[in-house]
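This report describes a predicted model. Please keep the sequence and the structure in view while reading the sections that follow.

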Amino acid sequence: GRIERRFRFFQDRLIKEMRLLGIDNYTEANKFLDEKFLPWCNRRYTHKVESLYGAIRGNKDLDLIFSIKHARKVNKDNTVRFCGRIYQILPVNGISSFCGRWVEICELLDGRIEILWEGKKLSYVETADKDEYEARTEREEDFLGFRTTEVLEKKERKKGYKPALNHPWRKGMRYMSF
């Protein structure tokens, strides 16, 4: 948009102005450009614009603004699971349980975790460490892996039912009496 119009203006107007003044080499062209044409062009075609950038209003927490947010539903025991860890949410302002409510878990850039509910920070305690959780999930995966292979083996052993030659399905609708 704007830059293309600006280039078109320079290609059209600048060349005509230089031809009218009889400029035919680079040194004269650069001198004309710096001393006459650009100051004239800037005075005539540029506008003062106020900056849209300003100071941050209020007490904004930039760490929370630039964090990665994940929505989680609070379990019946007032805990939330995130990245292999379990966080116990503590009571706040008369609310003893957040069971069934949605909270935001914010991963801050420095690795800290914040839990928000309706934009307010909640206090929490980490209840299980990552190693314990990983060990439990490995046991569950081992168990599930064994069970799934057992079920697949049963399906392979089981043969499909094959109807006899005189079965009504083989005869078709012609031989059926109503």
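## Overall composition

Of the 178 residues in the protein, 19% are buried. The secondary structure of this predicted model comes to five helices and seven strands, and from the N terminus on the elements follow the order α-α-α-β-β-β-β-β-β-β-α-α.

Among the contacts in the protein with a separation of 6 or more, 54% are accounted for by residues 24 or more positions apart.

## The packing of H1 and H2

Two packed helices are described by the angle between their axes and the distance between the axes. For helix H1, residues 2-21, and helix H2, residues 26-45, the angle is about 125° and the axes lie 11 Å apart. H1 and H2 are therefore oblique to each other, and their crossing is right-handed.

On the H1 side, the residues that meet H2 are Arg6, Phe9, Phe10, Arg13, Leu14, Glu17, Met18 and Leu21. Their counterparts in H2 are Ala29, Phe32, Leu33, Phe37, Leu38, Trp40, Cys41, Asn42 and Tyr45.

Strands of a sheet pair through backbone hydrogen bonds, either parallel or antiparallel. In this model an open sheet of four strands has the order E1-E4-E5-E6, and its pairing is antiparallel. E1 and strand E6 (120-122) stand at the edges, each with a single partner strand, so one side of each is left without a neighbour in the sheet. Direction ignored, neighbouring strands of this sheet are turned against each other by 40° on average.

Going through the sheet pair by pair, strand E1 (residues 68-73) is joined to strand E4 (residues 102-107) by six bridges, the two running antiparallel, and Ala71 has Glu104 in E4 as its bridge partner. E4 is in turn joined to strand E5 (residues 113-117) by four bridges, again in an antiparallel arrangement, with Cys106 standing opposite Glu114 in E5. E4 and E5 form a hairpin with five residues between them, and Gly111 in the turn has a positive phi of about 100°. E5 and E6 pair over three bridges in the antiparallel sense, and the bridge partner of Leu116 in E6 is Lys121.

Leu116, which has its place in strand E5, counts as buried because its relative accessibility is 7%, against a cut-off of under 20%. Not counting residues up to four places away in sequence, Leu116 touches Leu64, Val103, Glu104, Cys106 and Lys121. One of these, Glu104, is twelve residues from Leu116 along the chain, and the C-alpha atoms of the two are separated by 5.0 Å.

Glu114 is likewise found in strand E5, and with a relative accessible area of 15% Glu114 is buried. Leaving aside neighbours within four places in sequence, Glu114 is in contact with Leu64, Glu104, Ile105, Cys106, Leu108, Lys121 and Tyr124.

## Thr79 in strand E2

Strand E2 (residues 79-82) contains Thr79, which at 5% relative accessibility counts as buried. The side chains of Thr79 and Asp77 are joined by a polar contact of 2.6 Å. When residues up to four places away in sequence are not counted, Thr79 touches Val74, Ile86, Tyr87 and Gln88.

## Positive phi values in two loops

The loop between E5 and E6 holds Glu118, which has a positive phi of about 55° although it is not a glycine. Is Glu118 buried or exposed? With a relative accessibility of 60%, Glu118 counts as exposed, because the cut-off for that class is over 50%.

How values were computed:
Residues are numbered from 1 along each chain as its sequence is written. This is a predicted model: local features need pLDDT of at least 70, side-chain atom pairs count only at pLDDT 80 or more; totals for chains, interfaces and linings use all residues. Side-chain values use heavy atoms; hydrogens and water are left out. Two strands pair if DSSP finds at least two bridges between them. Buried means under 20% relative accessible area, exposed over 50%, partly exposed in between (1.4 Å probe, protein chains only). A polar contact is a pair of N or O atoms within 3.5 Å; within protein, one must be able to donate a hydrogen and the other to accept it, and residues adjacent in sequence count only if both atoms are side-chain atoms. Contact means heavy atoms within 4.5 Å. Axes are lines fitted to C-alpha atoms, for helices over the stretch in contact, and angles run from 0 to 180 degrees between N-to-C directions. Angles under 35 degrees count as roughly parallel, over 145 as roughly antiparallel, 65 to 115 as roughly perpendicular and the rest as oblique. A crossing is left-handed if the near helix is turned anticlockwise from the far one by less than a right angle, and right-handed if clockwise.
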